Amino acid sequence: MAASHWPVSRDVLLETGRQEYLDALPIAGAVICADGPGHIWIDKSNRHFRRIAGLDGNPVDAPIADARLMTASEIGGRVEAFIISDAEESEFDSGDGTVGGRHFAVRFARLRPAPYAPYRCLLTLIDRTAQVDTERSLRAEMLRDSLTGLPNRLAFAENVELLLQHPNFSEGSHAVLVIDMARFSRVNECVGAIAGDELLIAFASRLFSALAPGNVLARIGSDEFGVLMRLDTGLDDALAAARRIKEALVMPFRLSELEIQVDCSIGCALVSGEVDFAEEVVRNAQFAVKRAKDNNEIHVYEPHEGQAARRLFSLETELRRAIENGQLTMAFQPLVDLQSGAVSGFEALTRWERDNGDHAHASEFIAVAEESGLIVPLGRWAIEEAVRTLADWDEKAGQELPLYMGVNVSAVQIARDDVAAQVSAALAHHKVEGRRLTLELTESAIVRDPERAASVLNGLKALDARIAMDDFGTGYTSLAYLQRLPIDILKIDRSFVSQMMTDRDSFAIIRAVLSLATALGMSTTAEGIETEDLARTLGYLGCSHGQGYHFAMPMTADDAYAYILSRSAPST
(Lines give C-alpha, C1' and ligand atoms only; values in the text may rest on other atoms or scores of the structure.)
Protein backbone atom coordinates (compact mmCIF):
# COMPACT_ATOMS: atom_id res chain seq x y z
CA MET A 1 0.00 0.00 0.00
CA ALA A 2 1.39 3.41 -0.94
CA ALA A 3 2.26 5.85 1.80
CA SER A 4 -0.28 8.36 0.44
CA HIS A 5 -3.12 5.94 1.28
CA TRP A 6 -2.30 6.14 5.07
CA PRO A 7 -4.74 8.35 6.98
CA VAL A 8 -1.88 9.75 9.13
CA SER A 9 1.65 10.80 8.36
CA ARG A 10 4.66 8.51 8.86
CA ASP A 11 6.02 10.86 11.53
CA VAL A 12 2.88 10.38 13.59
CA LEU A 13 3.10 6.61 13.14
CA LEU A 14 6.76 6.68 14.18
CA GLU A 15 6.01 8.67 17.30
CA THR A 16 3.12 6.31 18.16
CA GLY A 17 5.46 3.34 17.77
CA ARG A 18 7.95 4.95 20.09
CA GLN A 19 5.28 5.33 22.73
CA GLU A 20 4.44 1.65 22.35
CA TYR A 21 8.07 0.73 22.78
CA LEU A 22 8.27 2.96 25.86
CA ASP A 23 5.16 1.33 27.35
CA ALA A 24 6.67 -2.11 26.71
CA LEU A 25 9.71 -1.35 28.88
CA PRO A 26 9.67 -3.24 32.22
CA ILE A 27 11.34 -0.24 33.89
CA ALA A 28 10.38 3.39 34.25
CA GLY A 29 11.17 5.40 31.13
CA ALA A 30 10.44 8.84 29.69
CA VAL A 31 11.47 10.99 26.76
CA ILE A 32 12.65 14.39 27.96
CA CYS A 33 12.69 17.34 25.55
CA ALA A 34 14.03 20.87 25.64
CA ASP A 35 14.27 23.74 23.22
CA GLY A 36 16.71 25.64 25.37
CA PRO A 37 17.81 26.23 28.98
CA GLY A 38 14.93 26.57 31.39
CA HIS A 39 12.30 25.11 29.04
CA ILE A 40 12.23 21.35 29.59
CA TRP A 41 9.27 19.01 29.50
CA ILE A 42 8.35 15.34 29.63
CA ASP A 43 7.36 14.48 26.09
CA LYS A 44 6.43 10.83 26.61
CA SER A 45 6.48 8.43 29.56
CA ASN A 46 5.30 4.96 30.45
CA ARG A 47 3.07 4.04 33.36
CA HIS A 48 6.03 2.99 35.54
CA PHE A 49 7.57 6.42 35.20
CA ARG A 50 4.30 8.26 35.76
CA ARG A 51 3.70 6.30 38.95
CA ILE A 52 7.15 7.05 40.32
CA ALA A 53 7.13 10.68 39.17
CA GLY A 54 3.72 11.32 40.70
CA LEU A 55 2.06 12.37 37.43
CA ASP A 56 -1.71 11.88 37.45
CA GLY A 57 -3.50 10.54 34.36
CA ASN A 58 -1.60 10.63 31.09
CA PRO A 59 -0.42 14.20 30.69
CA VAL A 60 0.79 15.44 27.32
CA ASP A 61 3.82 17.70 27.28
CA ALA A 62 3.99 17.74 31.08
CA PRO A 63 6.42 20.35 32.38
CA ILE A 64 9.30 18.75 34.20
CA ALA A 65 8.45 20.87 37.24
CA ASP A 66 5.16 18.97 37.56
CA ALA A 67 6.94 15.67 38.24
CA ARG A 68 7.57 15.12 41.96
CA LEU A 69 10.51 12.88 41.03
CA MET A 70 12.29 15.77 39.36
CA THR A 71 11.69 18.40 42.01
CA ALA A 72 12.28 16.20 45.06
CA SER A 73 15.63 14.71 44.04
CA GLU A 74 18.79 15.58 42.16
CA ILE A 75 17.47 13.97 38.97
CA GLY A 76 15.79 17.15 37.72
CA GLY A 77 18.93 19.25 37.91
CA ARG A 78 21.10 16.60 36.35
CA VAL A 79 18.77 15.89 33.42
CA GLU A 80 18.64 19.59 32.64
CA ALA A 81 22.44 19.80 32.64
CA PHE A 82 22.73 16.66 30.52
CA ILE A 83 20.13 17.45 27.85
CA ILE A 84 21.75 20.69 26.75
CA SER A 85 25.28 19.23 26.92
CA ASP A 86 27.23 17.33 24.26
CA ALA A 87 27.34 14.05 26.21
CA GLU A 88 25.83 10.97 24.59
CA GLU A 89 24.92 9.19 27.83
CA SER A 90 25.24 9.41 31.60
CA GLU A 91 24.58 7.09 34.54
CA PHE A 92 24.40 7.67 38.27
CA ASP A 93 22.65 6.50 41.41
CA SER A 94 19.97 8.66 42.93
CA GLY A 95 20.80 7.95 46.54
CA ASP A 96 19.25 10.76 48.54
CA GLY A 97 16.15 8.68 49.26
CA THR A 98 13.87 11.73 49.21
CA VAL A 99 11.48 10.34 46.61
CA GLY A 100 9.30 8.30 48.90
CA GLY A 101 12.45 6.96 50.52
CA ARG A 102 13.35 5.14 47.31
CA HIS A 103 16.65 4.78 45.43
CA PHE A 104 17.14 4.54 41.68
CA ALA A 105 19.82 3.73 39.13
CA VAL A 106 19.37 6.56 36.61
CA ARG A 107 20.49 6.57 32.97
CA PHE A 108 20.29 9.32 30.34
CA ALA A 109 20.73 8.46 26.64
CA ARG A 110 20.65 11.13 23.92
CA LEU A 111 17.99 10.92 21.16
CA ARG A 112 17.96 12.56 17.74
CA PRO A 113 16.49 16.06 17.63
CA ALA A 114 12.84 16.44 16.58
CA PRO A 115 11.26 19.37 14.69
CA TYR A 116 9.61 20.50 17.89
CA ALA A 117 12.58 19.86 20.20
CA PRO A 118 16.23 20.26 19.29
CA TYR A 119 17.27 18.54 22.52
CA ARG A 120 15.94 15.13 23.52
CA CYS A 121 17.02 12.21 25.74
CA LEU A 122 15.66 8.95 27.06
CA LEU A 123 15.50 8.80 30.85
CA THR A 124 15.25 5.33 32.46
CA LEU A 125 15.02 4.40 36.14
CA ILE A 126 15.73 1.10 37.88
CA ASP A 127 14.42 0.87 41.43
CA ARG A 128 17.31 -0.16 43.72
CA THR A 129 15.49 0.46 47.01
CA ALA A 130 15.39 -3.18 48.10
CA GLN A 131 19.06 -3.66 47.22
CA VAL A 132 20.10 -0.49 49.08
CA ASP A 133 18.05 -1.47 52.15
CA THR A 134 19.62 -4.93 52.13
CA GLU A 135 23.10 -3.45 51.82
CA ARG A 136 22.42 -1.10 54.71
CA SER A 137 21.10 -3.95 56.84
CA LEU A 138 24.12 -6.11 56.03
CA ARG A 139 26.47 -3.24 56.81
CA ALA A 140 24.76 -2.64 60.13
CA GLU A 141 25.21 -6.33 60.96
CA MET A 142 28.80 -6.21 59.77
CA LEU A 143 29.55 -3.35 62.16
CA ARG A 144 27.84 -4.84 65.21
CA ASP A 145 29.07 -7.47 67.66
CA SER A 146 26.34 -10.10 67.66
CA LEU A 147 26.91 -11.14 71.30
CA THR A 148 27.04 -7.81 73.17
CA GLY A 149 25.27 -5.61 70.62
CA LEU A 150 28.21 -3.19 70.78
CA PRO A 151 30.05 -1.84 67.75
CA ASN A 152 32.76 -4.24 66.61
CA ARG A 153 36.38 -3.55 65.71
CA LEU A 154 35.58 -2.36 62.18
CA ALA A 155 32.95 0.08 63.43
CA PHE A 156 35.32 1.28 66.16
CA ALA A 157 38.07 1.93 63.62
CA GLU A 158 35.60 3.85 61.44
CA ASN A 159 34.73 6.07 64.40
CA VAL A 160 38.41 6.83 64.94
CA GLU A 161 38.87 7.43 61.20
CA LEU A 162 35.97 9.91 61.11
CA LEU A 163 37.52 11.71 64.07
CA LEU A 164 40.91 11.95 62.35
CA GLN A 165 39.28 13.33 59.19
CA HIS A 166 37.12 15.89 61.01
CA PRO A 167 38.20 19.45 60.15
CA ASN A 168 38.02 20.49 63.82
CA PHE A 169 40.15 17.59 65.11
CA SER A 170 42.98 18.71 67.38
CA GLU A 171 45.98 16.79 68.73
CA GLY A 172 45.47 15.28 72.17
CA SER A 173 41.72 15.88 72.19
CA HIS A 174 40.79 12.19 72.21
CA ALA A 175 42.20 8.90 73.44
CA VAL A 176 41.63 5.22 72.85
CA LEU A 177 41.52 2.79 75.77
CA VAL A 178 41.84 -0.95 75.23
CA ILE A 179 40.58 -3.16 78.06
CA ASP A 180 41.75 -6.77 78.13
CA MET A 181 39.87 -9.21 80.36
CA ALA A 182 42.10 -11.27 82.60
CA ARG A 183 41.64 -15.05 82.83
CA PHE A 184 38.75 -15.12 80.33
CA SER A 185 40.05 -18.18 78.48
CA ARG A 186 40.40 -20.01 81.79
CA VAL A 187 36.83 -19.10 82.77
CA ASN A 188 35.62 -20.32 79.39
CA GLU A 189 37.38 -23.64 79.89
CA CYS A 190 36.02 -24.12 83.42
CA VAL A 191 32.39 -23.01 83.10
CA GLY A 192 31.75 -23.47 79.38
CA ALA A 193 31.18 -21.21 76.39
CA ILE A 194 27.60 -20.27 77.28
CA ALA A 195 28.58 -19.03 80.74
CA GLY A 196 31.57 -17.35 79.14
CA ASP A 197 29.24 -15.45 76.82
CA GLU A 198 27.13 -14.38 79.82
CA LEU A 199 30.29 -13.10 81.49
CA LEU A 200 31.23 -11.10 78.40
CA ILE A 201 27.79 -9.47 78.30
CA ALA A 202 27.93 -8.63 82.00
CA PHE A 203 31.50 -7.34 81.62
CA ALA A 204 30.45 -5.08 78.73
CA SER A 205 27.56 -3.75 80.85
CA ARG A 206 29.94 -2.90 83.69
CA LEU A 207 32.26 -1.09 81.30
CA PHE A 208 29.39 0.92 79.83
CA SER A 209 28.23 2.01 83.27
CA ALA A 210 31.71 3.29 84.10
CA LEU A 211 31.98 5.52 81.02
CA ALA A 212 30.89 9.11 80.52
CA PRO A 213 28.18 10.06 78.00
CA GLY A 214 29.57 10.40 74.49
CA ASN A 215 32.25 7.73 74.93
CA VAL A 216 32.19 5.00 72.27
CA LEU A 217 32.46 1.45 73.65
CA ALA A 218 33.15 -1.44 71.27
CA ARG A 219 34.14 -5.09 71.44
CA ILE A 220 37.30 -5.30 69.36
CA GLY A 221 38.42 -8.85 70.15
CA SER A 222 37.32 -12.05 71.84
CA ASP A 223 38.14 -10.64 75.29
CA GLU A 224 39.13 -7.08 74.38
CA PHE A 225 37.06 -3.89 74.45
CA GLY A 226 37.88 -0.46 73.07
CA VAL A 227 36.80 2.97 74.26
CA LEU A 228 37.05 6.16 72.19
CA MET A 229 36.74 9.13 74.51
CA ARG A 230 37.07 12.88 74.41
CA LEU A 231 39.69 14.49 76.68
CA ASP A 232 38.48 17.75 78.17
CA THR A 233 41.40 18.21 80.58
CA GLY A 234 44.03 16.10 78.88
CA LEU A 235 45.41 12.65 79.61
CA ASP A 236 44.10 12.78 83.19
CA ASP A 237 40.59 12.18 81.80
CA ALA A 238 41.69 8.88 80.24
CA LEU A 239 43.46 7.79 83.42
CA ALA A 240 40.41 8.68 85.49
CA ALA A 241 38.18 6.63 83.15
CA ALA A 242 40.58 3.70 83.43
CA ARG A 243 40.42 3.90 87.22
CA ARG A 244 36.60 3.96 87.12
CA ILE A 245 36.66 0.84 84.98
CA LYS A 246 38.94 -0.87 87.48
CA GLU A 247 36.63 0.13 90.33
CA ALA A 248 33.59 -1.17 88.45
CA LEU A 249 35.18 -4.62 88.37
CA VAL A 250 35.85 -4.86 92.10
CA MET A 251 32.59 -6.69 92.75
CA PRO A 252 32.64 -10.30 91.46
CA PHE A 253 30.34 -11.46 88.68
CA ARG A 254 27.67 -14.00 89.58
CA LEU A 255 27.16 -16.82 87.06
CA SER A 256 24.59 -19.36 88.28
CA GLU A 257 26.00 -20.46 91.62
CA LEU A 258 29.50 -19.17 90.94
CA GLU A 259 31.05 -15.86 91.86
CA ILE A 260 33.88 -14.97 89.50
CA GLN A 261 36.35 -12.19 90.12
CA VAL A 262 37.50 -10.59 86.87
CA ASP A 263 40.31 -8.10 86.56
CA CYS A 264 41.58 -6.35 83.45
CA SER A 265 44.62 -4.71 81.92
CA ILE A 266 44.17 -1.26 80.37
CA GLY A 267 46.30 0.40 77.72
CA CYS A 268 45.88 3.94 76.48
CA ALA A 269 46.94 5.68 73.26
CA LEU A 270 46.31 9.30 72.34
CA VAL A 271 44.62 9.85 69.00
CA SER A 272 47.22 11.63 66.91
CA GLY A 273 47.14 13.02 63.40
CA GLU A 274 50.62 11.59 62.93
CA VAL A 275 49.25 8.07 62.43
CA ASP A 276 48.44 6.99 58.89
CA PHE A 277 45.15 5.25 59.65
CA ALA A 278 42.78 4.57 62.53
CA GLU A 279 43.76 0.92 63.00
CA GLU A 280 47.23 2.10 63.98
CA VAL A 281 45.80 3.98 66.95
CA VAL A 282 44.03 0.82 68.11
CA ARG A 283 47.22 -1.22 67.72
CA ASN A 284 49.12 1.36 69.75
CA ALA A 285 46.63 0.96 72.59
CA GLN A 286 46.87 -2.83 72.30
CA PHE A 287 50.64 -2.56 72.53
CA ALA A 288 50.18 -0.53 75.71
CA VAL A 289 47.94 -3.31 77.08
CA LYS A 290 50.78 -5.81 76.75
CA ARG A 291 52.99 -3.52 78.80
CA ALA A 292 50.19 -3.03 81.32
CA LYS A 293 50.03 -6.79 81.87
CA ASP A 294 53.68 -6.77 82.94
CA ASN A 295 53.27 -4.29 85.80
CA ASN A 296 49.50 -4.46 86.44
CA GLU A 297 49.22 -0.71 85.95
CA ILE A 298 47.51 1.49 83.36
CA HIS A 299 50.07 2.00 80.63
CA VAL A 300 50.11 4.93 78.20
CA TYR A 301 51.63 4.25 74.81
CA GLU A 302 54.83 6.10 73.88
CA PRO A 303 55.76 6.49 70.18
CA HIS A 304 59.24 5.00 70.64
CA GLU A 305 57.65 1.75 71.86
CA GLY A 306 55.86 1.28 68.55
CA GLN A 307 59.03 2.03 66.64
CA ALA A 308 60.85 -0.65 68.61
CA ALA A 309 58.02 -3.13 67.98
CA ARG A 310 58.02 -2.40 64.24
CA ARG A 311 61.79 -2.83 64.19
CA LEU A 312 61.41 -6.27 65.75
CA PHE A 313 58.79 -7.23 63.15
CA SER A 314 61.18 -6.08 60.44
CA LEU A 315 63.93 -8.11 62.09
CA GLU A 316 61.65 -11.15 62.07
CA THR A 317 61.12 -10.82 58.30
CA GLU A 318 64.85 -10.47 57.71
CA LEU A 319 65.63 -13.43 59.95
CA ARG A 320 63.13 -15.66 58.13
CA ARG A 321 64.80 -14.80 54.82
CA ALA A 322 68.25 -15.33 56.29
CA ILE A 323 67.30 -18.82 57.48
CA GLU A 324 65.69 -19.70 54.15
CA ASN A 325 68.62 -18.35 52.12
CA GLY A 326 71.38 -19.87 54.27
CA GLN A 327 72.80 -16.51 55.40
CA LEU A 328 73.49 -17.54 59.00
CA THR A 329 76.98 -18.57 60.10
CA MET A 330 78.44 -20.37 63.09
CA ALA A 331 81.20 -19.18 65.39
CA PHE A 332 83.07 -21.45 67.81
CA GLN A 333 84.48 -20.59 71.24
CA PRO A 334 86.89 -23.07 72.86
CA LEU A 335 86.10 -24.90 76.09
CA VAL A 336 89.37 -25.40 77.94
CA ASP A 337 90.23 -27.94 80.64
CA LEU A 338 91.29 -25.74 83.59
CA GLN A 339 93.47 -28.45 85.04
CA SER A 340 95.51 -29.40 81.96
CA GLY A 341 94.98 -26.38 79.71
CA ALA A 342 93.93 -28.64 76.81
CA VAL A 343 91.06 -27.77 74.47
CA SER A 344 88.21 -30.15 75.31
CA GLY A 345 85.62 -28.82 72.93
CA PHE A 346 83.83 -25.79 71.51
CA GLU A 347 80.54 -24.04 72.02
CA ALA A 348 78.77 -23.37 68.72
CA LEU A 349 77.33 -19.85 68.56
CA THR A 350 74.99 -18.62 65.84
CA ARG A 351 76.01 -15.42 64.05
CA TRP A 352 74.02 -13.30 61.63
CA GLU A 353 75.34 -10.51 59.43
CA ARG A 354 72.35 -8.57 58.13
CA ASP A 355 72.00 -7.26 54.58
CA ASN A 356 73.06 -3.77 55.70
CA GLY A 357 76.34 -5.17 57.04
CA ASP A 358 75.41 -4.90 60.72
CA HIS A 359 75.93 -7.89 62.99
CA ALA A 360 72.69 -8.64 64.83
CA HIS A 361 73.07 -9.36 68.54
CA ALA A 362 72.28 -12.98 69.31
CA SER A 363 70.22 -12.04 72.38
CA GLU A 364 67.98 -9.90 70.18
CA PHE A 365 67.42 -12.17 67.19
CA ILE A 366 67.12 -15.30 69.33
CA ALA A 367 64.31 -13.58 71.29
CA VAL A 368 62.60 -12.67 67.99
CA ALA A 369 63.02 -16.25 66.77
CA GLU A 370 61.47 -17.65 69.96
CA GLU A 371 58.47 -15.32 69.82
CA SER A 372 57.80 -15.93 66.11
CA GLY A 373 58.44 -19.69 66.07
CA LEU A 374 61.51 -19.30 63.85
CA ILE A 375 63.54 -20.88 66.64
CA VAL A 376 62.51 -24.32 65.35
CA PRO A 377 64.18 -24.05 61.91
CA LEU A 378 66.99 -22.01 63.45
CA GLY A 379 67.61 -24.65 66.13
CA ARG A 380 67.56 -27.45 63.58
CA TRP A 381 70.10 -25.61 61.46
CA ALA A 382 72.36 -25.02 64.49
CA ILE A 383 72.38 -28.71 65.47
CA GLU A 384 73.07 -29.82 61.90
CA GLU A 385 75.82 -27.21 61.38
CA ALA A 386 77.58 -27.97 64.67
CA VAL A 387 77.69 -31.74 64.04
CA ARG A 388 78.76 -31.21 60.41
CA THR A 389 81.63 -28.95 61.51
CA LEU A 390 82.82 -31.53 64.03
CA ALA A 391 82.78 -34.21 61.30
CA ASP A 392 84.71 -31.88 58.94
CA TRP A 393 87.43 -31.36 61.55
CA ASP A 394 87.76 -35.12 61.98
CA GLU A 395 88.12 -35.53 58.23
CA LYS A 396 90.80 -32.83 58.02
CA ALA A 397 92.71 -34.40 60.91
CA GLY A 398 92.34 -37.90 59.48
CA GLN A 399 91.13 -39.17 62.83
CA GLU A 400 88.46 -38.63 65.45
CA LEU A 401 89.52 -35.61 67.46
CA PRO A 402 89.17 -35.72 71.26
CA LEU A 403 86.65 -32.86 71.16
CA TYR A 404 83.00 -32.35 71.88
CA MET A 405 80.64 -29.68 70.56
CA GLY A 406 78.18 -27.72 72.68
CA VAL A 407 74.95 -26.45 71.09
CA ASN A 408 72.33 -24.23 72.74
CA VAL A 409 68.74 -25.47 72.74
CA SER A 410 65.89 -23.01 73.35
CA ALA A 411 62.99 -23.60 75.74
CA VAL A 412 60.59 -22.89 72.86
CA GLN A 413 62.45 -25.41 70.70
CA ILE A 414 62.01 -28.07 73.37
CA ALA A 415 58.30 -27.30 73.61
CA ARG A 416 57.59 -27.29 69.86
CA ASP A 417 60.07 -29.66 68.20
CA ASP A 418 61.28 -33.23 68.49
CA VAL A 419 64.82 -32.28 69.47
CA ALA A 420 65.95 -35.86 70.09
CA ALA A 421 64.90 -36.88 66.58
CA GLN A 422 66.77 -33.94 65.05
CA VAL A 423 69.92 -34.76 67.02
CA SER A 424 69.68 -38.43 66.10
CA ALA A 425 69.35 -37.62 62.38
CA ALA A 426 72.32 -35.21 62.44
CA LEU A 427 74.58 -37.68 64.30
CA ALA A 428 73.66 -40.51 61.93
CA HIS A 429 74.10 -38.40 58.80
CA HIS A 430 77.59 -37.21 59.75
CA LYS A 431 78.64 -40.40 61.54
CA VAL A 432 79.40 -38.65 64.83
CA GLU A 433 78.93 -40.37 68.19
CA GLY A 434 76.43 -38.89 70.61
CA ARG A 435 78.98 -38.61 73.43
CA ARG A 436 80.68 -35.83 71.45
CA LEU A 437 77.63 -33.59 71.50
CA THR A 438 76.51 -31.51 74.48
CA LEU A 439 73.10 -29.84 74.45
CA GLU A 440 72.98 -26.67 76.55
CA LEU A 441 69.62 -25.69 78.07
CA THR A 442 68.76 -22.65 80.16
CA GLU A 443 66.94 -23.03 83.45
CA SER A 444 63.79 -21.52 81.87
CA ALA A 445 63.59 -24.50 79.50
CA ILE A 446 63.19 -26.78 82.50
CA VAL A 447 61.01 -24.57 84.68
CA ARG A 448 58.51 -23.83 81.88
CA ASP A 449 57.49 -27.47 81.44
CA PRO A 450 59.44 -29.89 83.66
CA GLU A 451 57.68 -33.02 82.35
CA ARG A 452 58.31 -32.10 78.73
CA ALA A 453 61.91 -31.20 79.53
CA ALA A 454 62.45 -34.54 81.31
CA SER A 455 61.09 -36.43 78.30
CA VAL A 456 63.36 -34.55 75.88
CA LEU A 457 66.44 -34.93 78.07
CA ASN A 458 65.89 -38.64 78.49
CA GLY A 459 65.58 -38.96 74.73
CA LEU A 460 68.88 -37.15 74.28
CA LYS A 461 70.59 -39.27 76.93
CA ALA A 462 69.44 -42.36 75.03
CA LEU A 463 71.61 -41.07 72.18
CA ASP A 464 74.56 -40.84 74.62
CA ALA A 465 74.56 -37.04 74.32
CA ARG A 466 75.45 -34.92 77.34
CA ILE A 467 73.25 -32.26 78.93
CA ALA A 468 74.51 -28.94 80.30
CA MET A 469 72.42 -26.46 82.31
CA ASP A 470 73.43 -23.03 81.00
CA ASP A 471 73.59 -19.83 83.11
CA PHE A 472 73.09 -21.82 86.31
CA GLY A 473 72.20 -19.67 89.31
CA THR A 474 70.42 -16.89 87.39
CA GLY A 475 66.99 -18.57 87.21
CA TYR A 476 64.63 -20.33 89.55
CA THR A 477 65.50 -23.98 89.16
CA SER A 478 64.50 -26.17 92.07
CA LEU A 479 67.38 -28.27 93.33
CA ALA A 480 65.04 -31.23 92.95
CA TYR A 481 65.37 -30.86 89.18
CA LEU A 482 69.13 -31.43 89.45
CA GLN A 483 68.42 -34.71 91.20
CA ARG A 484 65.60 -35.87 88.90
CA LEU A 485 66.92 -34.81 85.49
CA PRO A 486 69.90 -36.33 83.66
CA ILE A 487 72.10 -33.23 83.80
CA ASP A 488 75.85 -33.71 83.30
CA ILE A 489 77.29 -30.19 83.40
CA LEU A 490 76.51 -26.98 85.31
CA LYS A 491 77.64 -23.81 83.52
CA ILE A 492 78.35 -20.97 85.94
CA ASP A 493 77.07 -17.66 84.59
CA ARG A 494 79.56 -14.95 83.69
CA SER A 495 77.84 -12.47 86.03
CA PHE A 496 79.27 -14.43 88.99
CA VAL A 497 82.63 -15.22 87.38
CA SER A 498 83.44 -11.63 86.43
CA GLN A 499 82.97 -10.41 90.02
CA MET A 500 84.34 -13.32 92.00
CA MET A 501 87.73 -11.71 92.67
CA THR A 502 86.19 -8.54 94.11
CA ASP A 503 82.80 -9.61 95.42
CA ARG A 504 82.65 -12.01 98.37
CA ASP A 505 79.07 -13.06 97.64
CA SER A 506 79.89 -14.03 94.03
CA PHE A 507 82.92 -15.98 95.27
CA ALA A 508 80.76 -17.79 97.85
CA ILE A 509 78.09 -18.62 95.23
CA ILE A 510 80.69 -20.12 92.89
CA ARG A 511 82.15 -22.25 95.67
CA ALA A 512 78.65 -23.44 96.57
CA VAL A 513 77.86 -24.37 92.95
CA LEU A 514 81.15 -26.25 92.61
CA SER A 515 80.49 -28.16 95.84
CA LEU A 516 76.94 -28.98 94.70
CA ALA A 517 78.16 -30.24 91.33
CA THR A 518 80.79 -32.43 93.00
CA ALA A 519 78.22 -33.90 95.35
CA LEU A 520 75.88 -34.72 92.44
CA GLY A 521 78.67 -36.11 90.25
CA MET A 522 78.48 -33.31 87.68
CA SER A 523 81.24 -31.40 85.96
CA THR A 524 81.32 -27.59 85.75
CA THR A 525 82.13 -24.93 83.16
CA ALA A 526 82.76 -21.29 84.05
CA GLU A 527 81.76 -18.67 81.47
CA GLY A 528 83.34 -15.27 80.94
CA ILE A 529 86.93 -16.00 82.01
CA GLU A 530 88.92 -12.97 80.90
CA THR A 531 92.11 -13.10 82.98
CA GLU A 532 94.73 -15.64 83.96
CA ASP A 533 93.94 -15.05 87.64
CA LEU A 534 90.32 -16.08 87.10
CA ALA A 535 91.33 -19.20 85.20
CA ARG A 536 93.89 -20.21 87.84
CA THR A 537 91.54 -19.53 90.79
CA LEU A 538 88.63 -21.44 89.25
CA GLY A 539 90.90 -24.36 88.48
CA TYR A 540 92.17 -24.33 92.06
CA LEU A 541 88.58 -24.36 93.36
CA GLY A 542 87.86 -27.47 91.28
CA CYS A 543 86.01 -26.03 88.25
CA SER A 544 86.37 -28.48 85.34
CA HIS A 545 86.32 -26.24 82.28
CA GLY A 546 86.29 -22.60 81.33
CA GLN A 547 85.59 -20.41 78.35
CA GLY A 548 86.09 -16.73 77.73
CA TYR A 549 88.20 -14.10 76.01
CA HIS A 550 91.24 -15.11 78.04
CA PHE A 551 91.42 -18.25 75.91
CA ALA A 552 89.92 -17.04 72.66
CA MET A 553 87.04 -15.10 71.20
CA PRO A 554 84.43 -16.93 69.07
CA MET A 555 85.98 -17.72 65.69
CA THR A 556 85.15 -19.24 62.33
CA ALA A 557 85.34 -22.98 61.73
CA ASP A 558 88.66 -22.68 59.89
CA ASP A 559 90.19 -20.49 62.60
CA ALA A 560 88.90 -22.84 65.28
CA TYR A 561 90.59 -25.79 63.55
CA ALA A 562 93.83 -23.82 63.35
CA TYR A 563 93.44 -23.04 67.05
CA ILE A 564 93.10 -26.78 67.76
CA LEU A 565 96.31 -27.49 65.87
CA SER A 566 98.20 -24.68 67.63
CA ARG A 567 97.17 -25.89 71.06
CA SER A 568 98.05 -29.49 70.16
CA ALA A 569 101.50 -28.68 68.71
CA PRO A 570 104.43 -29.71 70.94
CA SER A 571 106.15 -26.83 72.73
CA THR A 572 109.75 -26.09 71.75
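Predicted model: local features only at pLDDT ≥ 70, side-chain atom pairs only at ≥ 80, totals over all residues.
Reader: Which strands pair with strand 1?

Author: Look for bridges between strands; at least two are needed for a pair. Strand 1 has 7 bridges to strand 6 (residues 119–127), and the two run antiparallel. Strand 1 also has 6 bridges to strand 2 (residues 39–45), again antiparallel.

Reader: How do side chains sit along a strand?

Author: In a regular strand, side chains alternate between the two faces of the sheet.

Reader: How many residues lie between strand 1 and strand 2?

Author: There are 2 residues between them, and the two strands form a hairpin. Check G38 in the turn: its phi is positive, about 85°.

Reader: Now charges. How many salt bridges does a search of the whole structure find?

Author: The rule is a distance: a side-chain nitrogen of Lys or Arg within 4 Å of a carboxyl oxygen of Asp or Glu. By that rule, the whole structure holds 29 salt bridges. One of them joins D93 and R128, with the closest N and O atoms 3.8 Å apart. That pair links distant parts of the chain, 35 residues apart. D93 is in strand 4 (residues 89–99), while R128 is in the loop between strand 6 and helix 5 (129–142).

Reader: Which other residue meets R128 in a salt bridge?

Author: E135. The side chains of R128 and E135 meet at 4.0 Å, N to O. E135 is partly exposed, at 40% relative accessible area.

Reader: Which residue forms a salt bridge with D263?

Author: K246, with the closest N and O atoms 3.5 Å apart. D263 lies in the loop between strand 11 (258–260) and strand 12 (264–270), and K246 lies in helix 9, so the pair ties together parts that are 17 residues apart in sequence. D263 is partly exposed at 37%. K246 is partly exposed too, at 22%.

Reader: What lies 7.8 Å from D263, C-alpha to C-alpha?

Author: V250, which is 13 residues from D263 along the chain. V250 sits in the loop between helix 9 (235–248) and strand 10 (253–255). V250 counts as exposed, with 55% relative accessibility.

Reader: One last residue. Where is S506, and is S506 buried or exposed?

Author: Find helix 20 (residues 504–519); S506 is there. At 5% relative accessibility, S506 counts as buried.

Reader: What is S506 in contact with, leaving aside neighbours within four places in sequence?

Author: Setting those neighbours aside, S506 is in contact with F496, Q499 and M500.

Methods. Residues numbered from 1 in each chain as written. Heavy atoms only, no water. Helix = DSSP H or I, 4+ residues; strand = E, 2+ residues; numbered from the N terminus. Buried < 20%, exposed > 50% of the residue type's maximum accessible area, 1.4 Å probe, protein only. Contact = heavy atoms within 4.5 Å.
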